[in-house]
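Please read these notes with the model open beside you. They go from the sheet to the helices and then to the aromatic rings.

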Amino acid sequence: MILIADSGSTKCDWVLYGNDKLNPIKIRTKGLNPVILSKKELKAIIYKNEDLFIYKDRVKYIHFFGAGCGTKKNQQKINKILTSFFKNASAFTHEDIMAAVYATTSSPAVVSILGTGSNCCFFDGKKTHLKSPALGYVLMDEGSGNYFGKELLKAYYYNKMPESLSEVFECDYNLKEKEVVKQLYKSSTPNKYLAKFARFMFEHKDHPYIHKILMDGMELFIENNIMQYKEELKKVPLHFVGSIAYFAQDYIQEVLSEKGFQATHFVRRPIDNIITNIISETV
């Protein structure tokens, strides 16, 4: 069997292929990001999943695409954990940006991720090239779920959020200061916690205040990330992957059009589109 995994910081989608490629087995677990989770925490997510346990001895090849897997050290960390569980398998770990590439193109393009975090690269048809490192939710990640979570929380606590929105926000989430501080500074996954607030933003996207937050966030992401590839974009298309990109595509297109560009594809879940390339390379 071939196992393909696409992991962000929030969730990981696993797809198992046996002889019948038309009926893959799909499994979802918590995200496995080696930057923010310890080896023990990563192992627990895999080892305690009953669905993965059923097939652990039948898997021969694993392709794992993950947030936080941009260095050889973290790739090796994930590979060791995977092969310690799937003992008959060879594991290949790649940075999550490669899943975005596989999900959208096999030809040169600029590819962006907007999910829990954000990232952008140029794919030359063989390799990815990043002009800026992905330094995570503290310094970067503009336009991502955790970025918008921070913006909403700041607006609420600075009393800038309109009262009508604040009342609904209070009903939807536990906004007690002790709870927020606990999740932000004592949790191992603060970026995942922040990204949960993005749902509120899309549920109220027609409100002028939310509309401005969305537009400002996309403006920042496009200016800081995509515009670094403006020369490449004169020759190649632009693709987006991730739930934030998918639900905010109208806002993204609006900002892009002001700069003379347009996105070609918006893919919500990379795992749905990367199968063909991986299967053809592995089999």
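The numbered points below take up one topic each.

1. Basis. This is a predicted model, in which local features need pLDDT of at least 70 and side-chain atom pairs count only at pLDDT 80 or more, while totals for chains, interfaces and linings use all residues. Residues are numbered from 1 along each chain as its sequence is written, and side-chain values use heavy atoms, with hydrogens and water left out.

2. The sheet. Five strands make an open sheet with mixed pairing, in the order β3-β2-β1-β4-β5. Its edge strands, β3 (25-30) and β5 (90-95), each pair on one side only. On average, neighbouring strands are turned by 15° against each other, direction ignored. Strands (E, at least two residues) and helices (H or I, at least four) are DSSP runs, numbered from the N terminus; two strands pair if DSSP finds at least two bridges between them.

3. β2 (residues 11-17) runs antiparallel to β3, with six bridges. L16 has I25 in β3 as its bridge partner.

4. A helix across the sheet. Helix α4 (residues 96-104) lies across β1 (2-7), β4 (61-66) and β5, and runs at about 90° to β5. Axes here are lines fitted to C-alpha atoms, for helices over the stretch in contact, and angles run from 0 to 180 degrees between N-to-C directions. Contact means heavy atoms within 4.5 Å.

5. Helix α6. The buried residues of α6, among them F148, L152 and Y156, pack against α5 (136-139), α7 (163-172), α9 (190-195), α10 (198-203), α11 (208-224) and α12 (243-247). After α6 comes N159, with a positive phi near 60°.

6. Aromatic pairs. Rings of Phe, Tyr and Trp (its six-membered ring) pair if their centres lie within 6.5 Å; planes under 30 degrees apart are stacked, over 60 edge-to-face, the rest tilted. The count is 17 aromatic pairs. F85 and F86 are edge-to-face, 4.8 Å centre to centre with 90° between the planes, and both are buried. Y156 and Y157 are also edge-to-face, at 4.9 Å and 85°.

7. Burial of the tyrosines. Y156 counts as buried because its relative accessible area is 16%, and Y157 as partly exposed because its value is 32%. The cut-offs are under 20% for buried, over 50% for exposed and in between for partly exposed (1.4 Å probe, protein chains only).
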